[in-house]
Amino acid sequence: MRFRHRAAAGFATLLLPLAGLVGLASPAQAATTATATYAKTQDWGTGFEGKWTVKNTGTTAISSWTVEWDFPSGTSVTSAWDADVTSSGTHWTAKNKSYNGSIAPGASVSFGFNGAGSGSPSNCKLNGDSCDGTTVPGDAAPSAPGTPTASSVTDTSVKLSWSAATDDKGIKNYDVLRDGKVVSTVTTTSYTDTGLTAGTDYSYTVRARDTADQTGPASGSVAVHTTGGTTTPPTSGSTVKLGYFTEWGIYGRNYNVKNLVTSGSASKITHINYAFGNVTNGQCAIGDSYADYDKAFTADQSVSGVADTWDQPLRGNFNQLRELKAKYPNIKVLWSFGGWTWSGGFGQAAANPTAFANSCYNLVKDPRWADVFDGIDIDWEYPNACGLSCDTSGAAAFKNVMSALRAKFGSSALVTAAVTADGSSGGKIEAADYAGAAQYVNWYNVMTYDFFGAWDAQGPTAPHSPLTSYSGIPKAGFTTADAMAKYKAIGVPASKLLIGIGFYGRGWTGVTQDAPGGTATGPAAGTYEQGIEDYKVLKTSCPATGTVAGTAYAHCGSNWWSYDTPSTIAGKMNWAKSQGLGGAFFWEFSGDTSNGELVSAINSGLS
């Protein structure tokens, strides 16, 4: 995607007991011995500075200390001070120096480090116990119970049964989770859930707790559809209707996964690309850990209508997507890596495609959220060409990366890529082997927007997403039709090409001419970025005054905007069908109206 909005909340300094991050005991249960807290003191995108503080909360001096924690794959310590820091895989250990091991009662010491990647620490231990001061039990956690089976399904209830978990000290009870939330705790291996809604989809898992109150991993999930009701989520057909959901949209835009439900959009799409994961140090990495899997959503923000709790295994957008999939089992979710901001990391990744693919697989298939994602999307802007930075990996690099991803993820997973729409002679499509890579992908998201914009501050004004060429177009080949024709000419099947729609407009100010081709003085003002505005704003603030090349434009006052409307989208969907394309995708959900009128136009146009 061409642009990426980051909210300041995504970079806020965290100063929290690690118990709050990894679900340890509540403060009321904590012993007063010693604690360790973590703060991210600086963040520069591809790296950060972290600080640990060890505090003696007891009544006797501490003679030495050791802090242990886990980082997700792709995050590491690159240098440290005031502690000796070592690692084994993703597990990190910090021991005091000779001069700061002793801590008097009530006193504290700190050590710091520089890190690469963007992950946050988890599973913290201080001198073998939890970092919030509670004691870690010595025995192992219980195993996962068997996947539940469902029987006696009615309009409002279902009976669940599962095989027992095992544990060295014995099983105490089981938590039954509906759509990721605990609905009951039982001592037997069966449970009947009641009070359900007729004609509704639910997902159930079970987890065991041993006699030491340790909770084991969740079982596999079983999908249940209650009888009765009047509506059933649509089944997924062969036509792709895909939307991008941005991790940072939950901040300033206040756009949550639940908005897909309230807008009606969830019932009209087949796939979601979650944007973005980072690409750094030759690996796939977490983009924003707080948004991805830590933020606690309130009941009114949650898909399930139930508030997140401090001790549930998974929170954040990932859990909300899990809840969405439980209600709409037809929807597939892919994790998209890269984007305009983070594509600079693909050059290093392309140097060792196998290692890169392995890192991506391990992250996407992390047991905490493996059920959320159905595949991976690569958004490399651009292979062997220039975007925010210039890549010199060579024409074969993109094919090699996609080949390695397919080999690692296997034939059943979705492997896709967002690709350039530069259909000009000698343009970006010719810079990489997109034809050779096509055999490894399910489809290409062809970014048929952002052809023109106010980065050319004086104009000429032009539609940013022209379907076809027109008299006076600023650059030949910068159209949807030219891009699709070039991909098909080099051998990419039409069924693997998706047309792209922007849910936003691009605009200039200082414009006097109504028709395209006018001069300007600079970018028009936008809510989040100069020269860009959401459709939901433009439809009323600057209504369309004409169309050109299948795209609407609007001249209001001294501003000139181009954007797609339900009418122009209908035309583009008809064209996509006439070309035998595989469907459509759009960037991104939050630009649409509260009732999802652009998503509705895509769905209707492709039906």
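Helix axes are lines fitted to C-alpha atoms over the stretch in contact, and angles run from 0 to 180 degrees between N-to-C directions. In this predicted model, helix α7 (residues 353-364) and helix α8 (residues 397-409) pack at about 45 degrees. Their axes lie 8 Å apart. The crossing of the two helices is right-handed. On the α7 side, the contact includes Pro353, Phe356, Tyr361 and Val364. Among the α8 residues they meet are Val401, Leu405 and Phe409. By class, the contact of α7 with α8 has ten nonpolar, three polar and one charged residues.

Helix α10 spans residues 480-489. Its buried residues are Thr480, Ala483, Met484, Lys486 and Tyr487. They cover an arc of only 160 degrees around the axis, which places them on the same side of α10. These residues pack against the strands β23, β24 and β25 and the helices α9 and α12. Just after α10, Gly491 takes a positive phi of about 110 degrees.

Most residues other than glycine have a negative phi, and most peptide bonds are trans. Asp179 has a phi near 50 degrees. It sits in the loop between β13 and β14 and is buried, at 6% relative accessible area. Asn384 has a phi near 55 degrees. Asn384 lies in the loop between β22 and α8 and is partly exposed, at 27%.

Cis peptide bonds join Gly459 to Pro460, with omega about 10 degrees, and Trp587 to Glu588, with omega about -20 degrees. Pro460 lies in the loop between β24 and α10. Glu588 lies in the loop between β32 and α13.

How values were computed:
Residues are numbered from 1 along each chain as its sequence is written. This is a predicted model: local features need pLDDT of at least 70, side-chain atom pairs count only at pLDDT 80 or more; totals for chains, interfaces and linings use all residues. Side-chain values use heavy atoms; hydrogens and water are left out. Buried means under 20% relative accessible area, exposed over 50%, partly exposed in between (1.4 Å probe, protein chains only). Helices (H or I, at least four residues) and strands (E, at least two) are DSSP runs, numbered from the N terminus. The arc is that of the directions from the helix axis to the C-beta atoms. Contact means heavy atoms within 4.5 Å. A crossing is left-handed if the near helix is turned anticlockwise from the far one by less than a right angle, and right-handed if clockwise. Ala, Val, Leu, Ile, Met, Phe, Trp, Tyr, Cys and Pro count as nonpolar, Asp, Glu, Lys and Arg as charged, and the others, Gly among them, as polar.
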